[in-house]
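I'll talk through the fold and then the ligand sites.

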Amino acid sequence: MKKLVITVTLNPALDKTVTIDGLEVGGLNRVNDIRSDAGGKGINVAKVLKGFHEEVTAVGYIGGHTGKLILERLEQEDIRHSFTETLAETRMNLKVVDSNVQVTTEINERGGTVSEPERTLFHEALHLLLEEAYILVLGGSVPPGIESSEYALLIESARSKGVKTILDADGDALRYGLKAGPDVIKPNIHELEQLVGATLATEQEIVRAARQLIAEGTHWVIVSMGGEGSVAVSKDEAIRARPFSIKPESTVGAGDSMVAAIASSLIHGRSLTETLRWATAAGSVTASKPGTQVCGPEEVIARLQDVGITSIEV
Ligand SMILES: Nc1ncnc2c1ncn2[C@@H]1O[C@H](COP(=O)(O)OP(=O)(O)O)[C@@H](O)[C@H]1O
Ligand SMILES: O=P(O)(O)OC[C@H]1O[C@](O)(COP(=O)(O)O)[C@@H](O)[C@@H]1O
């Protein structure tokens, strides 16, 4: 059976994380600690999957000095990749951790423009790779030069080859992508509220909103809610997971770790409940780590039974 996961990061980033005691907007802030990590949603998913010993290849666009640094990191971690080179420099995203209140503020650049010939090269390379794939993961923002409908095209081409798809995006990229019917989506609660244009205050409201999307062709909607945990919805099931308590170091990459755990769960044929348990444990372990560092398999397995699972009556 094919087991390869391809992760697409159209807009990667070098994540620069600075830690400050008591961030003062408009004031002078001194940095206590600094680190940089290869980031961008698909790249983080690939890091987790590699740690989980799954077969994974990271693809997308990469360029310039920042791009070179990211590729070096991937090579250090022995992550297989096949990025399309761009003339434009890959972006740097700033993450400011206020260690007094344990809150992370993210400042993400738009990213460099991708040209049409670069896009053609990417599509040709992905077309070939999809022949070998089981799952295609699509994550993150779409860079300038590429239409918001891009994920829909990629989902359709994956489906035509029998490849499952997981989409983690927001705004128009999510809205258009949904029309192509990805197998799984992982919005956070804010992204889901923006999508349906309503505040979702109760579990029942979340389930009803998710079922609207399921009626349009998606099978599983897994909604993350930070420290409140997550909700998984299918046509017939609705489940709530509550995480164990952690000291949040940097929540960056927590959502991506959930997506990686979902991909791994699809490979291993886990039920929706078990998938939610794995995804929530993975997200919470990652949230307890500094910068864009991600969870490893042993520490996730050790916490699986600490995730509280209940079913939601609608
Ligand atoms: N403060 C926290 N305590 C425990 N778990 C957390 C915390 N913040 C995030 N998580 C875990 O990470 C997952 C993803 O977090 P979330 O912030 O919703 O994702 P995203 O980064 O996609 O917005 C949550 O479902 C939860 O399992
Ligand atoms: O493409 P976007 O939406 O700007 O997001 C990119 C950022 O998201 C991340 O992938 C983290 O995502 P999550 O916190 O949702 O897991 C960072 O590594 C990266 O800087």
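**Walking through the model**

Let me start with a helix: α2, residues 64-76, lies across β4 (56-63) and β5, running at about 165° to β4. A few conventions go with that. Helices (H or I, at least four residues) and strands (E, at least two) are DSSP runs, numbered from the N terminus. Contact here means that the C-beta atoms of two residues, placed from the backbone, lie within 7 Å. Axes are lines fitted to C-alpha atoms, for helices over the stretch in contact, and angles run from 0 to 180 degrees between N-to-C directions.

This is a predicted model, so local features need pLDDT of at least 70 and side-chain atom pairs count only at pLDDT 80 or more, while totals for chains, interfaces and linings use all residues. Residues are numbered from 1 along each chain as its sequence is written, and chains are lettered from A and ligands numbered from 1 in the order in which they are written.

Now the overall picture. We've got ten helices and 14 strands. The radius of gyration, taken over C-alpha atoms, is 18 Å, close to the 20 Å from the globule rule for 314 residues, so the protein is as compact as a globular protein of that length. That rule is 2.2 Å times the number of residues to the power 0.38. Along the principal axes, the C-alpha trace spans about 50 × 50 × 40 Å.

How much of it is buried? Of the 314 residues, 47%. A residue is buried if 20 or more other C-beta atoms lie within 10 Å of its own, exposed if 12 or fewer, and partly exposed in between, with C-beta atoms placed from the backbone. And if you take contacts between residues at least 6 apart in sequence, 72% of them join residues at least 24 apart.

On to the sheets. Two strands pair if DSSP finds at least two bridges between them. One open sheet has ten strands, in the order β5-β4-β1-β8-β9-β10-β11-β12-β13-β14, with mixed pairing. At its edges are β5 (80-86) and β14 (308-311), each with a single partner strand, so one side of each has no neighbour in the sheet.

Zoom in on β1 (4-9). This strand is mostly covered, with five of its six residues buried. β1 pairs in the parallel sense with β8 over five bridges, and β1 with β4 is parallel over five bridges too. Threonine 7 stands opposite valine 137 in β8, and isoleucine 6 stands opposite threonine 57 in β4.

Leaving out residues up to four places away in sequence, isoleucine 6 touches Thr57, Val59, Leu129, Ala133 and Leu136. Its C-alpha is separated by 9.3 Å from that of glutamate 132, which is 126 residues apart along the chain.

Next along, β8 (133-139) and β9 (164-168) pair in the parallel sense over five bridges, with glycine 139 partnering aspartate 168 in β9. Four of the five residues of β9 are buried, so this strand is largely enclosed by the rest of the structure. Helix α4, residues 150-160, lies across β1, β8 and β9, at about 160° to β9.

The other open sheet has four strands, β3-β2-β6-β7, also with mixed pairing. The edge strands there are β3 (33-39) and β7 (103-107), and the twist averages 20° from one strand to the next. β2 (13-20) and β3 pair antiparallel over seven bridges, with lysine 16 opposite serine 36.

Now, what surrounds the ligands? Ligand 1 has 18 residues around it, the closest being Ser224, Gly227, Ala254, Gly255 and Gly283. Being near means a C-beta atom, placed from the backbone, within 6 Å of the molecule. Helix α9 (272-287) gives the most to that shell, with four residues. By class we get seven nonpolar, eleven polar and no charged residues. Here Ala, Val, Leu, Ile, Met, Phe, Trp, Tyr, Cys and Pro count as nonpolar, Asp, Glu, Lys and Arg as charged, and the others, Gly among them, as polar.

Ligand 2 is surrounded by 17 residues, and the closest are Gly39, Gly140, Ser141, Gly255 and Asp256. β2, α1 (41-51) and α8 (254-267) each supply at least two residues of the shell, and α8 has the largest share with three. That shell divides into three nonpolar, eleven polar and three charged.
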